[in-house]
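Welcome! Please take a moment to look over the chain below before reading on.

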Amino acid sequence: MNDRNVNKTTEEKIHSESVIDVQQLNDISDQTDYILPPKTIVVDNILPISIVTCSNLEDYPESYRLNSKKEELILTFVENFRRQYHHIYRDRKTLFLNPFNECGIPKFVCTTIRPTILPYSDLTEWNLTANFIADHLNYDLLNPPYELPKTLCSPTKILTDQHGNCFDYANLLCSLLIGAGYDAYIVSGYSTREICYTDTTRLPNPYIRKQQEESAEQLKSQCKKYGVKLAKTLTSEYDAYMHQRHLNTIQEEKIKIQEEENQRIAEIERPISDPLYGIRIHAWILIRPGGRHEISEAFYVEPTTGYRKTTDDSDYLGIESVWNHENLWVNMQDCSNGCKSLRFDLNDQARWECMFIHSNENEKEIIHKRFSKTLSNQIDWFDKMKFYFTNPLHLPVSNINATSYYKNYSDKIKSEVYKKYYHSSVPDITIKTTIHKDISLPLSWVMPLDITLKNFQKRYPKSHKIYYYKKTCVEKYAPYSKKDGIVLKISEFDDYNLKEFIYVTYYYEHRYDKLEIREHDIKMNIIKEKYRPGRNDHLKGIVTRIEKNYSVIDCREYIYDFGPSYDRIMIYYHKSRLDSLSKRHETNHELTDYFIDHDNFLAYQKVIYEIQLKKSTQRSIISITEKFNRNPSLNSNDDIEELIYAIKDNKFIITYYRDIDYITPSIRTYIKPSNWNDKASIFKWNDNLHEIYQANEDLKQMSKRDLYYEIINLIKQEEEVIKRVRTAENEIRDLQSRRQQEELSSDLEVSIYDIDRNEKSKIYKELLQQKTDDDKNRKNMNELDYLYPYLAAIGNPERINAQIAEQIRYNIELDFKNQSIYRANQIQSCYENEIKELLTKQQWYQNNPISKNDEFECEQAKFRLQILQDRLKQHEEFTRENYRQLEKNLNEDIRLKEPYIVR
């Protein structure tokens, strides 16, 4: 506040006086007398003392344990920036610039980001990457929540330990997002208690169940394009008005009751007041447009949950700074109303103060930065000069621009001020001090990030993680971590204490029975199961309504029991079945099959049973109804629409399709004779066995002969239909029995390429490798075995006795001695021959004049003698060493010991 008052007073003075006289210049000089001239000051230990202790420091790479010269220079520059910032903004929080790493070494936050792209397709999109990080790590709260952490561990350590605070989450997520091509930044700011504590108990369930629209589809299928118009209803307009008024009143009452209920729920869900509201520190991710083409606007990503948030979200209360692997920006915008009015144009230095200026920006942006209102424009020019000359580091001031009103001073005053300290010409500080040499950041000190396939598939810490939402509990499991193959369990409750279950959903993977989803509606007593393609019975799903109230734990008992108290719907992949069966609905007294694209145009088949007091293997059938789709190749009067086998009444009722020219369809009824099931006799035809209603009387009537054969065919068809019904009943029983066995077995499907989990493939590979190694060892043993020729001489027996073993040992030692003596004799013989030859030449040289060639030959002979002496000596040493080794091998060879098994 004092700085702003000084600015205002100085500006008023400048605008009121355009010329400053000598007396004013003296006054100015008096004001700056106490400013000391610049000195070169060497400052040691400008960084804070490390508070981190590392027991295994030698296990870390050198970049973790030490700072390079370039990193030390950057840290010095960062420290200078920090001191300037806090000198100007003493009321603002400390910037998060150079925390300690896991080795206790201060590191600049920008160099802690390691852009990495991992070889997993699930980590190439921001939402999948954020969800993986949220699942892969355990969250640690900041302690205290209103102070910045002292440390920022490397992403490699966070991946190893699988836990960290919000800054660790954001640092790891930002590294992966930048590697995936996003323009991502880490944001350091303030958020609500719910965000800092990852409290999602007031958020709606993200796994919302899809509402079934079967009723709408049925209504749509029932609506016909052409039909008989309904008669116009004659009603009074007054009665209609009063009825509508009554309905509106009822609707208003319902809306009022609903609003009151919503207010009551909102009052229950309202969080208690937070005494630390507005000062809780948090870190999250900002993604700006520019990296990936699909990003059109900036948004936040909460790393602890993986949720996308808008930039005006009320849960985020303010921003101090943002950074990526290239630069750091300080927020200069007002956050009194949260982040709603913030603009994320980081090139606008009126809103964002950057730490490093890069020359790759165009000239217009540089000119804009020269005269823009930056953090140093907030202080008086003379205070700035005082700060510069008392700068303990004596470094170039980072992004410090002179105030705009400095240009109003005369050149004389500026010259006097600068000559007092510089004794040189006046520099234009409005331009020259704002353009620095590019300071490129060093490469990240973090080692390349790596997530093994095993850890990636494991996903969660200890393969399990639990999330709580509004009246919902979500449990996530890693694949293959549970015997039943469950990967996700969503439990919905009727109360906020999560005690009364209303709906439970299970998701499975890698099951042999292809079970994918199981849903248990506890209130409606309905359980649904969905299967992936690949089952032998081509089952797609099962929907069962039960009368007994099962608990969540015992919900599996319902569907694997066969009894009259169940209502089941079995859905099939009709294209994979030969009979084109798509759905089978079984109740206590009915069994209905639905077909799609059946060869005989069969649409459905409905069986009605008698009510039985006792359980039996087969239920008595009352009737069987078959309905067919329209066969366009037949005349409507010959195309059967519905065929009823009235088994109990001994009738066949056939309904044909209605002709377009008639209102009613034709109906034909056959009555079975009394002796129809007597195989020994043949019934005779009479007119009482047939009844007909012919819509078109002009059609030719069927002869008695045709009617007789028609009823015989119907009797045979009835027998076949009953067999198909019994086959369907047996198929249902087999399905229940098979599902019981599948639930009891805990084996999961494992790919043949997954050797770590595929035990059969792993054992088979180990056996093949063992066999290969044995063959190789046997081959090498046959090639290098010193006993092989001695055993071959006696016929390669499987076992020998002690006498033979001793004889073999004696023969081996004897052969070794003979070979060594033979070799030594050869060397000795060569040596003696060389001596004789040398003596002969010397005697000849004494009798004849000696030439230079003769002298050379004598020297060569002496050289060969010396080599032979050395070789003989070396042979003696090697012979003694080899003999000791041979004795050791003979003593340790198990084939020459009890029980003397040689192969």
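Is Tyr238 buried or exposed? With a relative accessible area of 56%, Tyr238 is exposed; here buried means under 20% relative accessible area, exposed over 50%, and partly exposed in between, with a 1.4 Å probe and protein chains only. Tyr238 sits in helix α11, residues 237-269. Helices (H or I, at least four residues) and strands (E, at least two) are DSSP runs, numbered from the N terminus. Together with Tyr241 and Met242, Tyr238 makes a nonpolar surface patch of about 350 Å². Patches are made of residues with over 30% relative accessible area and no salt bridge, where like charges are joined within 9 Å and nonpolar side chains (Val, Leu, Ile, Met, Phe, Trp, Tyr) within 5 Å.

**How to read the model**

This is a predicted model, in which local features need pLDDT of at least 70 and side-chain atom pairs count only at pLDDT 80 or more, while totals for chains, interfaces and linings use all residues. Residues are numbered from 1 along each chain as its sequence is written, and side-chain values use heavy atoms, with hydrogens and water left out.

The pLDDT, which is the predictor's confidence in each residue from 0 to 100, averages 79 over the chain, and 78% of the residues score at least 70. Two stretches call for care. Over residues 212-223 pLDDT stays under 50, and the model has one contact there beyond four places in sequence; contact means heavy atoms within 4.5 Å. Residues 417-436 also stay under 50, but for them the model has 42 contacts beyond four places in sequence. Where pLDDT is low, the predicted coordinates should not be read in detail.

**The chain as a whole**

The chain holds 20 helices and 25 strands. It has 903 residues, of which 40% count as buried. Among contacts with a separation of 6 or more, 60% come from residues 24 or more positions apart.

Helix α4 (residues 69-88) has 20 residues, which should span 28 Å at 1.5 Å a residue, and its end C-alpha atoms are 29 Å apart, which agrees. The expected span is 1.5 Å times one less than the number of residues. Buried residues of α4 include Ile74, Leu75, Phe77 and Val78, as well as Glu71 and Glu79.

Further along, Phe816 belongs to helix α19, residues 802-847. Beyond four places in sequence, Phe816 touches Thr879, Asn882, Tyr883 and Leu886. Phe816 and Asn882 are 66 residues apart along the chain, and their C-alpha atoms are separated by 9.2 Å.

**Loops worth a look**

Lys471, in the loop between β10 (464-469) and β11 (472-477), has a positive phi near 55° although it is not glycine. Asn525 also has a positive phi near 55°; this residue is in the loop between β14 (515-521) and β15 (526-531). Lys471 is partly exposed, at 25% relative accessible area, whereas Asn525 is buried, at 11%.

**Charged pairs**

Side chains of opposite charge can pair when their charged atoms come close. A salt bridge is a side-chain nitrogen of Lys or Arg within 4 Å of a carboxyl oxygen of Asp or Glu, and the whole structure has 46 of them.

| Pair | N to O distance |
|---|---|
| Glu261 and Arg264 | 2.5 Å |
| Glu267 and Arg270 | 3.2 Å |
| Lys606 and Glu590 | 3.7 Å |

Lys606 is in strand β20 (residues 602-609) and Glu590 in strand β19 (residues 590-595), so this pair ties together parts that are 16 residues apart in sequence. Glu261 and Arg264 are both in helix α11, three residues apart, or about one turn of the helix. Salt bridges also link a network whose members include Arg511, Asp513, Arg738 and Glu742.

Definitions and conventions. Areas by Shrake-Rupley, 256 points an atom, 1.4 Å probe, with all protein chains shown as cover.
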